[in-house]
Amino acid sequence: ENKLEDAIQLTFSVLSQLDVHLPSTPPDKSVVMNDWMDMTRTLQKVSYDEFLNFREMSDTKNITAMKFLHLLILYTYFAKQEYLPIVIIRSVQLTLQHGVCKESCVALASCSYFLCEFQDFKGAEYIGGLSIGILEKLKAQEHLSQVYICTFGGIFGWIRKLGLNLEHLLVGYQMGMQTGDIQHAMFNASSYIKNSFFSGLNLREVERNIEKFGKEMTEYNQKAVYKSMLPVKQAVSDLIFSAQDTLLMAKNSLVQNALFQQVVEENSPVGASDIYIFCGIVAYIYNHYELAADLVRKRHELEKIMSRRSLWSGVTAFYDGLIFLAMAHNSSEFEWSSKISNVMSNVKKFEQIGKSNNEHKLLLLEAEIKSRMGEKDNALKKYQLAIAAAEKNGFIHEQAIANERAAEFFLRNGDSSRAAHHYGEAQSLFLKWGAQRKVDDLLMSIAL
């Protein structure tokens, strides 16, 4: 990190000599937000065709400045994140003032990525499209990997079915390796792995890809990216290996403890957040609701000091909601009702901009709410719709979860025959997903 901070200071100095001045201390957040809104409004006033026909940057000094700003986007992502929006703003301003160059596509893609954090999905989609248009027009293949991780790992993950972005993330990985942009190639690989998990890709296939990309990350000394992949690796392992394999379970526990310790020592909030997300999902799947709720609480505390949250195309909100509802079933505390209301507001918004990813999620949350309120007929209808929507959109793991929740609903209401049917469906779907340990756990709990 010290080396990165030195590199940032050096780049600031070079840019100053090129008459591009950045503040030595970050201005107030409200000032940055006003500048950011002005920039995005200006971009959205320009039509797609107008922008693609914009003049190309010709002044050597400005082109050099854009190259150094491009480096700063990467540097400030890892260190001094408070400067990142300022660097993106300055890059876009130079583009609007002096014309487009190859580095403009990275500035636009980075802008699109951050707009997702502000939940400006319409703006993110438009500006993300501009970035890809400039990338293709200027044949800036050396920047494709960086543009793809920001767009197909960003806005297109929200508005398109998650699984449809996997191929583009693989292209981002492959092109990065071909052009020597190893770091962004590995970012694409890591995003590919995490989105494979969230999409419900078979866990054995995800495990094989983790091993493949993990070896390359180690070989190319991409330690930071490799560490970012460890939480999903642990989650996959926890779901795959049979509960009967006590040695593997003990090993997984040791690995998880070591991972937590390493993140604490490195003071990595993003790494800690991912651990809380993936461990929370696994805890929920195994019905360990107290543990899952504790992990969500810790993540929410951590997010207070983070410059950006890991929303994962609505996935984190969905599992937060399921966890809060599970806790509310066993408690009358107002805390859970308030949290559920906030989650539902977000998931409804996410469903509107990405129906294929979030339709079944919203329906299952609504089913759980209706069940809790004692509205049996409405709950049954919502469970059926959630199961059908998850199947239609290919989210096999969440189709399994919906069946398990439906089984519990019927069991609570004295219909053991229909409960047995949905438990059987859940078991079959978890097995297809590759979650052998969950299948064992489900069989054991049904037997009890």
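1. A cavity is a set of points, on a 1 Å grid over the protein atoms alone, where a 1.4 Å probe fits but cannot get out. Grid points are joined across faces, edges and corners, and a volume is the space filled by probe spheres set on the points.

2. A word on the basis: this is a predicted model, in which local features need pLDDT of at least 70 and side-chain atom pairs count only at pLDDT 80 or more, while totals for chains, interfaces and linings use all residues. Residues are numbered from 1 along each chain as its sequence is written, and side-chain values use heavy atoms, with hydrogens and water left out.

3. The largest cavity holds about 50 Å³ of space. Its lining residues (those with an atom within 4 Å of a point) are Tyr276, Ile277, Gly280, Ile281, Val296, Arg299, Val315, Thr316, Tyr319, Asp320 and Ile323. Two or more of them come from each of α14 (269-285), α15 and α16, and α16 gives the largest share, 5 residues. Helices here are DSSP runs (H or I, at least four residues), numbered from the N terminus.

4. By class, that lining has 7 nonpolar, 2 polar and 2 charged residues. Ala, Val, Leu, Ile, Met, Phe, Trp, Tyr, Cys and Pro count as nonpolar, Asp, Glu, Lys and Arg as charged, and the others, Gly among them, as polar.

5. Do have a look at α15 (residues 289-303) and α16 (residues 315-329), which pack at about 130° with axes 9 Å apart. Axes are lines fitted to C-alpha atoms over the stretch in contact, and angles run from 0 to 180 degrees between N-to-C directions.

6. In the contact (heavy atoms within 4.5 Å), α15 residues including Val296 and Arg299 meet α16 residues including Thr316, Asp320 and Ile323. The contact has 8 nonpolar, 2 polar and 3 charged residues. Val296, Arg299, Thr316, Asp320 and Ile323 are also among the residues lining the largest cavity.

7. Further along, the axes of α18 (residues 355-373) and α19 (residues 376-393) come within 8 Å and cross at roughly 160°. That makes α18 roughly antiparallel to α19. Among the residues in contact are Leu363, Leu364 and Ala367 in α18, and Leu385, Ala386 and Ala389 in α19. This contact divides into 9 nonpolar, 5 polar and 7 charged residues.

Notes
On a 1 Å grid over the protein atoms alone, a cavity is a set of points where a 1.4 Å probe fits but cannot get out, and a pocket is an open set with protein on both sides within 12 Å along at least five of seven lines; lining residues have an atom within 4 Å of a point. Angles under 35 degrees count as roughly parallel, over 145 as roughly antiparallel, 65 to 115 as roughly perpendicular and the rest as oblique.
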